[in-house]
Amino acid sequence: MNKIKIFICLLLMASFWKATAHDFSPKAFPDRVILTWSGNPSTTQTVTWRTDTTIKAAKAQIKAEDSSPELETAVATLDAGTQTLSGGQNYATANYHHVTFKDLKPNTVYAYRVGAGDYWSEWFQFTTASAQPAPFSFIYLGDAQNDIRSKWSRVIRKAFSHQPDARFIIHTGDLINRSNNDKEWGEWHYGGGFINGMIPSIPSPGNHEYIRNEQKQLVLDPHWGVQYTLPDNGPKGLEKSVFYIDYQGLRVISLDSQLITLDETAEKLQYEWLEKVLKENKNLWTVVTFHHPIYSTSKSRDNKEFRERFKPLFDRYHVDLVLQGHDHTYSRGQNLPRGLSGRDVSGPVYLVSVSGPKMYKVDGKKWMNVSLENTQLFQLIHIDGQDLKFEAYKASGELFDAFSLKKINRDQAAAFTDRSL
């Protein structure tokens, strides 16, 4: 009798866990709706979403927002491209669909939805970029990585509440902890929620988006290429993680630092590509984003070869900001050798930040003007003509660090003003 009671209790516990555990399995209704760019942000917008495999021919609908509830009238309908992601025994097979809306009007609000048959998402909105330089703001988030749904979600949502008209969000790698873990990707999309469907993402991969296959080769998480539809302007073979986007007088360049630090061939390809992209850049402002810091906050995590190879390019072509993650602390410093004062700008301002709950210690302070441990943060960057303002906020919404840059032309370094508290 006791064994029967124990068996029944175990069944009840299993049923309870199944009922209360969050279900990230794909359905016929669209989920993981996310905006990225694969073309010009002033005239195009790309959207990607997921369904189960019963949805084989998905669509997207769009119209210029006119504030009328008659959203289904005078709407353009586009067929989606579809890729299947099979998880084998690890997770359910799903279809990922994508559409790029083209021939859009600059600086215009659009409404769109995605779906098929009886299964449609809600209507989302996005705003196209201006065709000319104009004031705007964007969000920068360091590693999410752990306890994403539980503890990271509030950070991206607080960032959105501070800057709801942000034009994009930069993620500097380690968005999840275990490569090819669909549950963790489910938590990441859950945390962003409708924000991802309204504000485009610019993601760079970290070391946790990679794994070595049976041939000991570095392989990017297969979720990456199907859920992020990105510009096809990177070096051949690295287009999924190396690219650039021009936005209203700013060039954002994403590098794949995991491959730079571990793959000599990929490092050479990225270096040569980056020099060309920087040399041909006509924008006033330049931001480079990647995962592993050029200057680390920890002596044991120094990326000397990476720094010695790429730092001269950042200096030569007057990169303004270098946005990084990986070290799970906050730090901000100038582009000068370790041991020297960081008050005179000779190149980029280097930032390291963390938005998730995994924390490290700071033990390499020589290059830093500002540092912080054990704190989840988000950053807002505002650009208005020749002026750039940077603000780092704690998850509480308290302003922690701030500085300004003023730039006369793209061939000169920006003048720096420390506004730290």
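Gln-248 counts as buried, because its relative accessibility is 7%, and buried here means under 20% relative accessible area. This residue of the predicted model sits in the loop between strand 15 (243-247) and strand 16 (250-254). His-318 is found in the loop between helix 8 and strand 18 (321-324), and because its relative accessible area is 22%, it is classed as partly exposed.

Helix 8 (residues 304-316) packs with helix 7 (residues 264-279) at an angle of about 5°, and the two axes are 10 Å apart. That angle makes helix 7 roughly parallel to helix 8, because angles under 35 degrees count as roughly parallel. On the side of helix 7, the residues that take part are Glu-267, Gln-270, Tyr-271, Leu-274, Glu-275 and Leu-278, and they meet Arg-309, Phe-310, Leu-313, Phe-314 and Arg-316 in helix 8. Sorted by class, this contact of helix 7 with helix 8 contains six nonpolar residues, one polar residue and four charged residues.

The crossing of helix 2 and helix 3 is right-handed. In helix 2 the residues Ile-148, Arg-149, Trp-152, Ser-153, Ile-156 and Arg-157 meet Glu-184, Glu-187, Trp-188, Tyr-190, Gly-191 and Gly-192 in helix 3. By class, the contact of helix 2 with helix 3 has five nonpolar, three polar and four charged residues.

Ile-148 is found in helix 2, and it is buried, with a relative accessible area of 1%. Not counting residues up to four places away in sequence, Ile-148 touches Ser-153, Leu-175, Ile-176, Glu-184, Glu-187 and Trp-188. The C-alpha atoms of Ile-148 and His-189 are separated by 9.4 Å, while the two residues are 41 residues apart along the chain.

How many of the eleven residues of helix 3 are buried? Nine of them are, so helix 3 is largely enclosed by the rest of the structure. The buried residues are Asp-182, Glu-184, Trp-185, Gly-186, Glu-187, Trp-188, His-189, Gly-191 and Gly-192. At the start of helix 3, a side-chain oxygen of Asn-181 reaches to within 3.2 Å of the backbone nitrogen of Lys-183, and just after the helix, Gly-193 takes a positive phi of about 50°.

His-189, which is among the buried residues of helix 3, leads us on to helix 5 (residues 222-227), where Gln-227 is placed. A polar contact of 2.9 Å joins the side chains of Gln-227 and His-189. Gln-227 counts as buried, because its relative accessibility is 1%. If its neighbours within four places in sequence are left aside, Gln-227 is in contact with Ile-34, Thr-48, Tyr-96, Trp-185 and His-189.

Two further residues lie in loops. Pro-200 is found in the loop between helix 4 (194-198) and strand 12 (201-203), and with a relative accessible area of 5% it is buried. Leaving aside its neighbours within four places in sequence, Pro-200 is in contact with Leu-35, Thr-36, Trp-37, Gln-45, Arg-167, Phe-168 and Ile-169. Ser-296, in turn, is in the loop between strand 17 (285-289) and helix 8, and at 0% relative accessibility it counts as buried. The side chain of Ser-296 makes a polar contact of 2.6 Å with the side chain of Asp-327, and a polar atom of the Ser-296 side chain lies 3.0 Å from the backbone nitrogen of Ser-298.

Conventions: Residues numbered from 1 in each chain as written. Predicted model: local features only at pLDDT ≥ 70, side-chain atom pairs only at ≥ 80, totals over all residues. Heavy atoms only, no water. Axes fitted to C-alpha atoms, helices over the stretch in contact; angles between N-to-C directions. Helix = DSSP H or I, 4+ residues; strand = E, 2+ residues; numbered from the N terminus. Parallel < 35°, antiparallel > 145°, perpendicular 65-115°, else oblique. Contact = heavy atoms within 4.5 Å. Nonpolar A, V, L, I, M, F, W, Y, C, P; charged D, E, K, R; others polar. Left-handed = near helix turned anticlockwise from the far one by under 90°. Buried < 20%, exposed > 50% of the residue type's maximum accessible area, 1.4 Å probe, protein only. Polar contact = N/O pair within 3.5 Å; in protein donor to acceptor, adjacent residues only side chain to side chain.
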